[in-house]
Amino acid sequence: MQEFLIPAKPDLQAAREAWLKMLARERRLSPATVEAYERDTRQFLHFLTGHCGGAPGISDIADLRPADLRGFLAARRNDGAGARTLGRGLAGIRSLLRFLERRGLANAAGAAALRAPRQPKSLPKPLTAADAKHVVSVEGQLAEEPWIAARNAAVLTLLYGSGLRISEALGLSGADLASEADTVLRVTGKGGKMRLVPVLPVALRAIAEYRRLCPHHLDPKGLLFRGARGGPLNPAIIQRDMARLRSALNLPDTATPHALRHSFATHLLGRGGDLRTIQELLGHASLSTTQIYTGVDTARLLEIYESAHPRA
């Protein structure tokens, strides 16, 4: 880090170096994150050099106002920095000021009071219907143990067939979906919010097959899905197996268990599903959260148009 010219007085240079070492050694942040914070704060010090009329010291940043930080963010935005870059830069400055504040050298209130730039909502990336069907089939699973393959297929089928979050699926009890007559599932989602979701016959059959093959006793009061040794099934296991499946099928890195929930919503919308109903099925508190799926559908329509229209 010393190969860069740091426009700061010796006291601030030394404090900044101590902060970066703390991030790497005590906070154990990744080298890439520490490098990004170094770069962001170096750019901030360059800005302050012009803003203050000279190389800044600790006394110059001890009482930074929100207006000073807004000036820096505006300058970075003019240079082409996006919202994510600006948000990370502000996070690094806040971290440095908190570091100085704990040592009685600065006041971090100004940075804390500044709202971070609004981050753009990235569109979810659903699987195609064909890929989703392959991923959730028991034949497509890579686990050698038949009961584990059946378990994974049942979990993934609930994510795609009912739009469950992985935590919701793994939180089901042994009493849930105990027979093929249980066509509606009561789910406790984020914030303890309850909702009812329909369960497709194919999901009920997948769960019945898992129950038949599972070597562990599934107590009605215990968890439905079990790990290899009979304990609670860790979400990381499903994520790991999905990664293996993704590699085998040559699917993109975005094909995660959560992408199956996105696929559930996107495919419903693409087949004429009502946005308000999809909101209720997903358990979104706000319709605006669900509306991102209209962007996915529009993107798909444009893709089809551009590939098929003779004048596109």
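A word on the record first: UniProt positions are given in the numbering used here, feature names are shortened, and annotations may be inferred rather than shown by experiment. With that said, the unreviewed UniProt entry puts "domain: Core-binding (CB)" on residues 10-101.

This is a predicted model, where local features need pLDDT of at least 70, side-chain atom pairs count only at pLDDT 80 or more, and totals for chains, interfaces and linings use all residues. Residues are numbered from 1 along each chain as its sequence is written, and side-chain values use heavy atoms, leaving out hydrogens and water.

Now, salt bridges: a side-chain nitrogen of Lys or Arg within 4 Å of a carboxyl oxygen of Asp or Glu. The whole structure has 10. Take Glu38 and Arg42, with closest N and O atoms 2.9 Å apart; both sit in helix H2, 4 residues apart, about one turn.

So is Glu38 buried or exposed? Buried means under 20% relative accessible area, exposed over 50%, partly exposed in between, with a 1.4 Å probe and protein chains only. Glu38 is buried because its relative accessibility is 3%, and Arg42 is buried too, at 13%.

Over in helix H10, Arg212 pairs with Glu209, at 2.8 Å from N to O. Here Arg212 counts as exposed, at 57%, while Glu209 is partly exposed, at 30%.

Methods: Helices (H or I, at least four residues) and strands (E, at least two) are DSSP runs, numbered from the N terminus.
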